[in-house]
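Good morning. Please look at the structure on the screen while I go through a few places in it.

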Amino acid sequence: MDFFDYKNGRLFAENVDVEKIAEAVGTPVYIYSKATFLDHYNKIKQAYAQLDTLVCYSIKACANIHILKLLADAGSGFDIVSGGELFRARQVGADTAKIVYAGVGKTDHEIIEALEAPIGYFNIESEAELENLIELSRKLGKNPKAALRVNPDVDPRTHTYTATGKKETKFGVDIERARQVFNQYGRNGAVQLSGIHIHLGSAGKSVQPYAEALQKTMELIDCLRADGFTIETLDMGGGYGADYETSTAPSAADYARVIVPLLKDKGLKLILEPGASIAANAAILLTRVLYLKQGGKKKFVIVDAGMNDLIRPPLYDAFHFIWPAKVDASLVPPKKIRYLNMEGTQQVDVVGPICETSDFFAKDRPLPSVSRGDLISIFTAGAYGYTMSSNYNARPLLPEVFVDGDNFTVIRRRQTYEDLIAQEKK
Ligand SMILES: *Cc1c(COP(=O)(O)O)cnc(C)c1O
């Protein structure tokens, strides 16, 4: 569910014609929908209302402080993976007690800032990190809470680069080793090791891996409790499906139907770390057609956005629905799906201007015919879109525009050429 829809053949973000935004700020441009962010967040809250649940939005999915403020005001906590993300959260007055911190390579500096905040939970990825946290906590006289990240060793059935909960990843510790870690460090007196954290990977399309992981994790928690440890919190991480194609991912309610019964009356506080399932279809990347080109049998649509602006297609082989922002009534897409078989479309590759063959957004994709200057929307660009963008090819970072009903606001201006060299020395 999102708020990017066609009215009379013109694409609207909520009540704003996206062409108006392109005229005001130029292209390419990221356009966010406030209603979509809130809708996703609220649906997750509702789905888990029967449990003591804290939703910690995963900042790395989409990190603009305007969006963090929106979610903090709605009651969200945050999942962070760096000191920079802690800084972002603090800029919007986030309640630091609702912050959980994961990451395999936390520096001393980052840990100390998080101890001083103080944050809600450190999600521990290794014995060495835990030893360091214990030492730093003693030094600073702090008594933080920590959750041990375990690998339940289930296959989230996603792209290998986004699978993080299998055994052969750098994240967390194997579930068999978790008891040992608790026995060795669980009574250290400085760090309260009182939670278990799992995170299976991103954008799964099935609920099943969560059910499997949860069963294994609950067995572990029972063992740990039998060993005398207090386990207060289960952090289930993120990775819940997002609708990259209309109605193809499980909804928050679908996940909750499986997860909630397994956790009822277990005396656990539940933390969720959704990123993509909140942010993904809360944005489009609006781009303009620069040129059309025929190469062999292929038709290329060359647009002004590039892989430096949205790297997911080459990086993860990710699907983004792409469609012109203005079409005949007969060519309004009934759904945003991969195999739209519509009269009046032709197969094209949509590519950017970057000097890399991997600079593409779609290959062999049906698209209504477009001309130079037409606006094209790349949908579901809200998660790992802007946050992964770079200045490659000396391209200024894009503006971010935030739509709220009839109004839109630039929440990050387009970088200038001067910005590109501002930190450099001749
Ligand atoms: C990236 C990440 C998330 C968010 O994942 P999504 O797929 O965006 O929901 C949550 N938790 C941790 C630890 C992460 O690294």
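Before going on, some ground rules. This is a predicted model, in which local features need pLDDT of at least 70 and side-chain atom pairs count only at pLDDT 80 or more, while totals for chains, interfaces and linings use all residues. Residues are numbered from 1 along each chain as its sequence is written, and side-chain values use heavy atoms, with hydrogens and water left out.

Back to Thr230. You find Thr230 in the loop between helix H8 (208-226) and strand E12 (233-235); helices (H or I, at least four residues) and strands (E, at least two) are DSSP runs, numbered from the N terminus. Leaving aside residues up to four places away in sequence, Thr230 touches Leu193 and Ser194, where contact means heavy atoms within 4.5 Å. From Thr230 to Gly186 there are 44 residues in sequence, and 9.3 Å in space, C-alpha to C-alpha.

Next, the ligand. There are 16 residues around the ligand, and those that come nearest are Lys60, Ser202, Glu273, Ala276 and Tyr384; a residue counts as near if one of its heavy atoms lies within 4 Å. Sorted by class, this shell has 5 nonpolar, 7 polar and 4 charged residues.

Which residue puts a polar side-chain atom 2.5 Å from an oxygen atom of the ligand? That residue is Tyr384. Polar backbone atoms take part too: one of Ala276 is 2.7 Å from a ligand oxygen, and one of Gly275 is 2.9 Å from a ligand oxygen. Taken alone, the ligand exposes 390 Å², and the protein buries 95% of that; the areas come from the Shrake-Rupley method with a 1.4 Å probe.

Now helix H3, residues 65-73. Its buried residues are Ile67, Leu68, Leu70, Leu71 and Ala72. At the N-terminal end, Asn64 caps H3, with a side-chain oxygen 2.8 Å from the backbone nitrogen of His66. Just after H3, Gly75 takes a positive phi of about 105 degrees.

Last, the domains. The domain assignment gives domain 1 (4-32 + 282-424) and domain 2 (34-279). Their C-alpha centres lie 32 Å apart, and 26 residues of domain 1 are in contact with 24 residues of domain 2.

Key:
A polar contact is a pair of N or O atoms within 3.5 Å; within protein, one must be able to donate a hydrogen and the other to accept it, and residues adjacent in sequence count only if both atoms are side-chain atoms. Ala, Val, Leu, Ile, Met, Phe, Trp, Tyr, Cys and Pro count as nonpolar, Asp, Glu, Lys and Arg as charged, and the others, Gly among them, as polar. Buried means under 20% relative accessible area, exposed over 50%, partly exposed in between (1.4 Å probe, protein chains only). Domain bounds come from an automatic or database domain assignment.
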